[in-house]
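Q: Can you walk me through this one? I'd like the overall numbers, then some local detail.

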Amino acid sequence: MRSSLLAVAALVAAPLADSALAAQGASRPALVARIDSIMNAAIAGGQVVGASIAVVRGRDTIAVKGYGKANLELGVATPPNAIYEIGSVTKQFTGAAIMQLVEQGKLSLDDDISKWVPQFNTKGRRIAVRRLLDHTSGIRGYTEIPEARALMPFALAKDSILQVIAKWPYDFEPGEEQIYNNSAFFLAGMIVEKASGESYAGYVKKHLFEPAGMTASHYCSDVTITPNKTTGYDWGGSNGPIQKRPLSHVWPYAAGSLCSTARDLVAWNTALHRSRTILGADAYRQLTTPDTLNDGTRVGYAKGLAFTPVVGHRSIHHGGGINGWTSDNLYFPDDSLSIIVLYNVSGAFRAVGDLGGDRRGSARAKGGHVDADRGRGESLCGDIHGARARWAAVADDRGRERRRVGAVPWQQADADPCGEQHLRVGRRPLRLHRQCGDDHGGAPGRWFTEQHAEAQVASSVIPREAPVNPRVEL
């Protein structure tokens, strides 16, 4: 699904990094006021409809609040317990479910996926379950398949979706590279069902939501009426928020079909990372330890979780984007700090960029992916293509873009608002396309490689006169 609001969360986290500020009770009103100003600025900018945020350090709840409108048509204010579709934040639940089943001896990360999903045509390849969970399987992502995108409003059978995916060639051989992949987590959800004997929705509810105390969370539905659920909108550019594009929740499934609240996601972080209610020590270690490619290159993504420092602090995070909603869940283990940001709009990327204040341009990488803020509220992103070919797109201090692949410049041709860009990376041609919205449709969004990459961005605030370093941090 696509990169989310780590830029917002980084700005919220910055005051908390000041231990002196955090230790002074008198400073709390100022801290909460800073959080309010960040969120209200996004609302006032007109590209964010409504939002919820939770900032909790240990047992200390600093803020759990709603902003803007949960529904524009009726002018309903966003309550603190508003429910959102959380998109790819779902993936960490799928990863935890797999690890629970591994812990119980019901499956192995090294099992060939054909053992569990024999109806999927692997074209003679052996793909270990672990390759599904860190985007190294090579299977074509269904959100990058035009035929699949056209079918997403319709409730197809899972096996029919697998047939659509299987028609396409592999992007690379399993374990050779890393490209963000929703098909892989779709398959992982089917493995959860087969190994547990339960539906994915039922398994997550019983074994993850209930132990974590997530009373408002559930598998999303495009049919059922859910009290306290926000209305989702897509960003329509000059038209402002528009009705989100239709999507049947048989498609996002274990890659992106869970619904939750900001408070529930704090409860999840506590149960998963602090109290270890969800997994034992060894299973948790495996959940949070990135694997390697075939050549020994260690990736920066592990079983539904990404690892990138935010405001100088170690963090575990994942974002999500789905028709109508954008989300981010960050946990800072050294600070026992959770920051959750949820919006009921998708595709409003300028709102994220504009919150950067003095930022002229920055680029940070998550695992095999990179995202760059162009400093004018625009973004360019793409995949690093196997964590070995490092590339970034950044702006200089005058807002002019500079692009590099390691030390090799690359060139860009003009492109339509939604369509293809043709680049040349050294001697290698590279084709990008601009996705029209989030992973399942919507307003014009970011640039992606044709395979698509979800860049989890920890945006740094770069002073106006500071030089830009194009190095990508892996």
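A: The answers below go from the whole protein to single residues.

Q: What should I know about the model before reading any values?
A: This is a predicted model, in which local features need pLDDT of at least 70, side-chain atom pairs count only at pLDDT 80 or more, and totals for chains, interfaces and linings use all residues. Residues are numbered from 1 along each chain as its sequence is written, and side-chain values use heavy atoms, with hydrogens and water left out.

Q: OK. How many helices and strands does the protein have?
A: The protein has 14 helices and 23 strands. Both are DSSP runs numbered from the N terminus: helices are H or I with at least four residues, strands are E with at least two.

Q: And what share of the residues is buried?
A: Of the 474 residues in the protein, 60% are buried. Buried means under 20% relative accessible area, exposed means over 50%, and partly exposed is in between (1.4 Å probe, protein chains only).

Q: What about the accessible surface?
A: It comes to about 17400 Å², and carbon and sulfur atoms account for 50% of that. The method is Shrake-Rupley with a 1.4 Å probe; for residues, only the protein chains shown count as cover.

Q: How many of the contacts join residues at least 24 apart?
A: 66%, counted among contacts between residues at least 6 apart in sequence. A contact is heavy atoms within 4.5 Å.

Q: Is α4 enclosed or open?
A: Largely enclosed by the rest of the structure, because 13 of its 14 residues are buried. Just after α4, Gly105 takes a positive phi of about 75°.

Q: Which residues other than glycine have a positive phi?
A: His135 is one of them, with a phi of about 65°. Asn228 is another, with phi near 70°. Most residues other than glycine have a negative phi.

Q: Where do those two sit, and are they buried or exposed?
A: His135 is in the loop between α6 and α7 and is buried, with a relative accessible area of 1%. Asn228 lies in the loop between β5 and β6 and is partly exposed at 44%.

Q: What else is in the α6-α7 loop?
A: Arg140 lies between α6 (129-133) and α7 (146-151). Arg140 is buried, with a relative accessible area of 15%. Leaving aside neighbours within four places in sequence, its contacts include Trp168, Asp171 and Asn181.

Q: How many disulfides?
A: A search of the whole structure finds one. Cys220 and Cys259 form it, with their sulfur atoms 2.1 Å apart; the cut-off is a pair of cysteine sulfur atoms within 2.5 Å.

Q: Which parts does that pair tie together?
A: Cys220 is in the loop between β5 (218-219) and β6, and Cys259 is in strand β8 (residues 258-260), so the linked parts are 39 residues apart in sequence. The S-S torsion is about 125°, so the disulfide is right-handed. Cys220 and Cys259 are buried.

Q: Last topic: what does β6 pair with?
A: Strand β6 (residues 233-235) and β7 pair in the antiparallel sense over three bridges. Pairing requires at least two DSSP bridges between two strands. Asp234 stands opposite Ile242 in β7.

Q: And the sheet as a whole?
A: It is an open sheet of three strands in the order β7-β6-β14, with mixed pairing. The edge strands, β7 (241-243) and β14 (345-346), each pair on one side only.
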